[in-house]
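Hello,

Here is the structure I promised to pass on to you. Please have it open while you read, and my notes on the side chains follow below.

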Amino acid sequence: MAEIFYDKDADLSIIQGKKVAVVGYGSQGHAHAQNLRDSGVEVVIALRDGSKSAEKAKEAGFEVKNNADAAEWADLIMILAPDQSQRALFANDIEPHLTPGKTIAFAHGFNIRFGYITAPEGVDVIMIAPKGPGHTVRREYEAGRGVPVIAAVEVDASGSAWDTAWSYASAVGGLRAGGIKTTFTEETETDLFGEQAVLCGGTSRLIQQGFEVLTEAGYQPEIAYFEVLHELKLIVDLIWEGGITKQRWSVSDTAEFGDYVSGPRVVDEHVKENMKAVLADIQSGAFAKRFIDDQDAGAPEFKKLRDEQEAHPIEKTGQELRKLFAWQQTDADYTDGSAAR
């Protein structure tokens, strides 16, 4: 069993005694920065010159520096830029200003695990990863609660990197809920696998193919949408609250029996073998190389796949049906697709 760390296990004064630069002011960036500040930490926001996020950060009361100046100023640099941007940002703006005794921190281990970033001698490398989106991390902190975190240390040059990591985790509210030790390798490989095999890739394909089976059999697209997509939230909420057992307890006996007898027909041993192949590509670095090589080339494969998937018939059906919901809310970061990019 994992050992759980709480606020009582951390020394908040450690991070309060450091100057922290948060690189990026997106979903995670704004949450880390605001929670740190509210915990008594000196924080600046690091952004590239001309960033559209600078005005948001200034409106929130933060000093904004460019990446290089922030790296020069800070004792700890938390890098929350997208995975594909971190390598160049680090090499050009951060690494030249890293001196022994400083710390670089991440919320995802991708670039360290696959060797795209290597810290200079004498620099601590840590990870603090809240297990929730930034808006939830901020909201829970403001409510006096927290989102669980996982933490790792890749390089402990100072001998006190773990103390720094837990102090940071406490300051963003994570140790109110609990923190778990991991490694950069474990976090990265399990995170990518979860996204690809279950949370994003697996779920998306299951929904799309369920929709296709029903509509190709002559059922109305609107009815198919409700049955394979809309109601999924209800099921996932139950699983989130109490595991698969609570979900099965909450649904009808008919649905529960169908779960037992038909689930293994859809997701069979072939699916498990395919999942193992996905994991093998992650572990070997093949997926990371494919992603980064594509990004370096201007993301032609990524953009082609995105366009293809956004053209799936379930997307048009959903856009029309969601207009009927009296309770519909428009997310602050996303509307109907292209507006978010």
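Let me begin with the charges: the structure holds 16 salt bridges, a salt bridge being a side-chain nitrogen of Lys or Arg within 4 Å of a carboxyl oxygen of Asp or Glu. Before the details, please keep in mind that this is a predicted model, in which local features need pLDDT of at least 70 and side-chain atom pairs count only at pLDDT 80 or more, while totals for chains, interfaces and linings use all residues. Residues are numbered from 1 along each chain as its sequence is written, and side-chain values use heavy atoms, with hydrogens and water left out.

One of the salt bridges joins Arg138 to Asp38, with 2.9 Å between the closest N and O atoms. Arg138 belongs to helix α7 (residues 134-142) and Asp38 to helix α2 (residues 27-38), so this pair ties together parts that are 100 residues apart in sequence. Helices here are DSSP runs of H or I with at least four residues, strands are runs of E with at least two, and both are numbered from the N terminus. Arg138 is buried at 10% relative accessibility, whereas Asp38 is partly exposed at 43%. For these words, buried means under 20% relative accessible area, exposed over 50%, and partly exposed in between (1.4 Å probe, protein chains only). Asp38 and Arg138 are also linked with Glu142 in a network of salt bridges.

Two other salt bridges sit within single helices. In helix α15 (residues 269-284), Lys276 and Glu273 are three residues apart, which is about one helical turn, and their closest N and O atoms are 3.5 Å apart. Lys276 is partly exposed at 46%, and Glu273 is partly exposed at 43%. In helix α16, Lys289 and Asp293 are four residues apart, again about one turn; their salt bridge has its closest N and O atoms 2.6 Å apart. Asp293 is partly exposed, at 36% relative accessibility.

Now to the rings. There are ten aromatic pairs in the structure, where rings of Phe, Tyr and Trp (its six-membered ring) pair if their centres lie within 6.5 Å; planes under 30 degrees apart count as stacked, over 60 as edge-to-face and the rest as tilted. Among them is the edge-to-face pair of Phe110 and Phe114, 5.2 Å centre to centre with 65° between the planes. Phe110 is buried at 1% relative accessibility, and Phe114 is buried at 15%. Phe110 also pairs with Phe291: the ring centres are 6.2 Å apart and the planes are at 85°, so this pair is edge-to-face. It links distant parts of the chain, with Phe110 in helix α6 (residues 110-113) and Phe291 in helix α16 (residues 286-296), 181 residues apart. Ring pairs join Phe110, Phe114, Tyr116, Phe287 and Phe291 into a cluster.

Some charges sit over rings, meaning that NZ of Lys or CZ of Arg is within 6 Å of the ring centre and within 35 degrees of the ring normal. The charged end of Arg37 lies over the ring of Phe62, 3.9 Å from its centre, and that of Arg176 lies over the ring of Tyr141, 4.2 Å from its centre.

Happy to talk any of this through.

Best wishes
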